[in-house]
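Here are a few friendly notes to read alongside the model. Take them in order, with the structure open beside you.

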Amino acid sequence: LRRGGAHVAEMVGGRELLVPRDALERRLRNVVEEMAIASGLRPPRIFVLAGDDSINAFAAGWEQNDSVVAVTRGALERLNRDELQGVVAHEFSHILHGDARLNMRLIGHVWGLQLLYMLGRDLFDVTDARGRRSVFVVMGLGLMAVGSIGWLAGRLLKAAVSRQREFLADAAAVEYTRLKDGIGGALRKIAGQDGQGGGVRS
């Protein structure tokens with residue numbers, strides 16, 4: 001992520017939209033420029049996940065100046081203009097509010113607690129030459145308890161924060177587009193594909 005949003009988009013097979021190849025890509029570029037004006041942000045670089053026929057999109061980048069918006073080909077083909085506006089506006093909210101940076105920090109904290117648990121487990125498993133447990137057993141059990149409780153609490157906190165940021169992004173999409181049916185229609189289509197084993201929201 002420190003290498004910028006473009007690196008993340010390329011890692012998942014994104015192609016930067018420099019020259020639109022068809023009317024759908026031209027529409028996407030226009031929508032991104034419109035949402036940049038509505039949100040007050042500089043237009044981010046745009047990536048298309050051409051090999052993905054699900055409805056999905058994401059924003060990536062540590063700072064606003066290296067952020068990108070990536071949209072799947074399925075979203076371009078299956079969403080109408082208002083719905084695409086809603087999805088792109090949703091991603092602009094993630095950029096504006098620094099959600100990628102927040103998520104990375106939360107992931108770091110949760111991972112740190114998991115490492116604490118693993119350290120405790122390693123201490124608990126230490127034995128001497130005769131196969132007897134060492135004096136670090138109690139310390140290992142303590143670290144495992146703290147790490148596992150902290151990890152669970154951290155996961156719950158991360159889930160709660162992510163849910164709230166998604167609600168905020170949905171509300172911002174309505175604010176930027178002035179259309180409640182845009183993001184609403186997109187979410188209904190996404191929910192329909194999730195029931196069929198399709199893509200996921202981001």
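**Notes on the sheet and its helices**

1. Phe 58 stands opposite Ala 70 in E4. The strand E4 covers residues 68–72 and runs antiparallel to E3, with 4 bridges joining them. Strands here are DSSP runs of at least two residues (E), helices runs of at least four (H or I), numbered from the N terminus.

2. This is a predicted model, in which local features need pLDDT of at least 70 and side-chain atom pairs count only at pLDDT 80 or more, while totals for chains, interfaces and linings use all residues. Residues are numbered from 1 along each chain as its sequence is written, and side-chain values use heavy atoms, with hydrogens and water left out.

3. What is the order of the strands in the open sheet? The 4 strands follow E1-E2-E4-E3, with mixed pairing; two strands pair if DSSP finds at least two bridges between them. E1 (15–16) and E3 (57–60) stand at the edges with a single partner strand each, so one side of each has no neighbour in the sheet.

4. Now the helices. H2 lies across E1, E2 (45–49) and E4, at about 145° to E2. Angles run from 0 to 180 degrees between N-to-C directions, and axes are lines fitted to C-alpha atoms, for helices over the stretch in contact.

5. The axes of H2 (residues 23–39) and H4 (residues 81–96) come within 9 Å and cross at roughly 50°. H2 and H4 are therefore oblique to each other, the class left after under 35 degrees (roughly parallel), over 145 (roughly antiparallel) and 65 to 115 (roughly perpendicular).

6. Among the residues that meet, Leu 28 and Val 31 are in H2, and Leu 84 and Phe 92 in H4; contact means heavy atoms within 4.5 Å.
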